[in-house]
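Good morning, and thank you for coming. Please look at the sequence and the structure on the screen while I go through a few of the details.

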Amino acid sequence: MSAYRQAGVDQEAADSLVPLFAKLAARTRRLEVEGDVGGFAGIFSLEGLKDRGYNRPGLVVSTDGVGTKVELLQRAGRHHTAGWDAVAMNADDVVCCGAEPIVFVDYVSVERLDPEVVGEIVKGVADGCTEAGCALVGGETSQHPGLLPPDGYDVVGTCVGVVDLDRVWGPHLVRTGDGIVGISSSGLHSNGFALVRRLLEESGAQAWDDLLEPTAIYARKVLGLRAQGVEVHAAAHVTGGGIVGNLMRALPDGAGAEIEGDRWPRAPVFERVKGLGVTTGEMLRTFNCGLGMLIVTPDAPDVARALSEAGAPSWVVGRVTEFGPVEVKGSF
């Protein structure tokens, strides 16, 4: 046995995973990908962007991780979800400015390399990339003996997208009176789990299944709105900070919004979390409360209809106001 392996790093096990990673990446391959997984970096050709209508192409980059949800996923053996969520958190950020996700790389750090577990994580990454429409072009599995909890792991990813600079969505397009469409979340997604874990520990409760649902990936469905001929001004991925905190990032300075809290149904998981002792205000500040993404648009009814028909249940939940603040009103 080598000294390196005795120190906790199993290079042979890591090398044995490379063919699996290459096979998984091949399922996500796009025509623009040059070369295969296994080199020092992935290559994605930008040559054909103008032929696809990108007159002034710009790159959009997002880096994010799954956060402390990974601890609960690990305990439950739901390693696939950890990989999927890493894609969701990034691809859904990239699409908020109207960008198409094109490339993804993952970073999995482990205390001890278990090829079966890491294989499940990367399979989740590949499946998430397929759903988002981006290519998995590489990544890194790093062994950190002694720096993580025993057998613990963390999953982080980076997504690169492309957008025509003449068609960027954002606060500069938003106008008073624009409607706000909320897209149903699949649950808590990957935010607020530091609080959830503390509440579970204090109450002695075990994590239940719908608490750990995979994060919804909206990228293809949101980008599909352009083909529907509807106008989108801005989008907000509802992550940490909740509905109010994230919607503010999609509005121009000084503008506000009114959200009607009784316009959409909420999954039972939110009431169950609230029942652990979370106030309404804290729920709104910490969790998505049933809306995973918000679309700001002058064509709100048509956008809600198009998204619902595409398999993403959506509702007109509010409107942009001339002055702040952003408020959630009515029954909640």
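This is a predicted model: local features need pLDDT of at least 70, side-chain atom pairs count only at pLDDT 80 or more; totals for chains, interfaces and linings use all residues.

**Charges over rings, a helix pair and overall form**

Let us begin with Arg 266, which lies over the face of Trp 264, at 4.9 Å from the ring centre. The charged end of Arg 272 likewise sits over the ring of Trp 208, 4.1 Å from its centre. A charge sits over a ring if NZ of Lys or CZ of Arg is within 6 Å of the ring centre and within 35 degrees of the ring normal.

Residues are numbered from 1 along each chain as its sequence is written, and side-chain values use heavy atoms, with hydrogens and water left out.

The protein chain has 11 helices and 12 strands; these are DSSP runs, numbered from the N terminus, with helices (H or I) of at least four residues and strands (E) of at least two.

Consider helix H3 (residues 69–76) and helix H4 (residues 79–94), whose axes come within 8 Å and cross at roughly 150 degrees. Axes are lines fitted to C-alpha atoms, for helices over the stretch in contact, and angles run from 0 to 180 degrees between N-to-C directions. H3 is therefore roughly antiparallel to H4, a term for angles over 145 degrees.

Finally, the C-alpha atoms of the protein chain fill a box of roughly 70 × 55 × 30 Å, taken along the principal axes.

Definitions and conventions
Angles under 35 degrees count as roughly parallel, over 145 as roughly antiparallel, 65 to 115 as roughly perpendicular and the rest as oblique.
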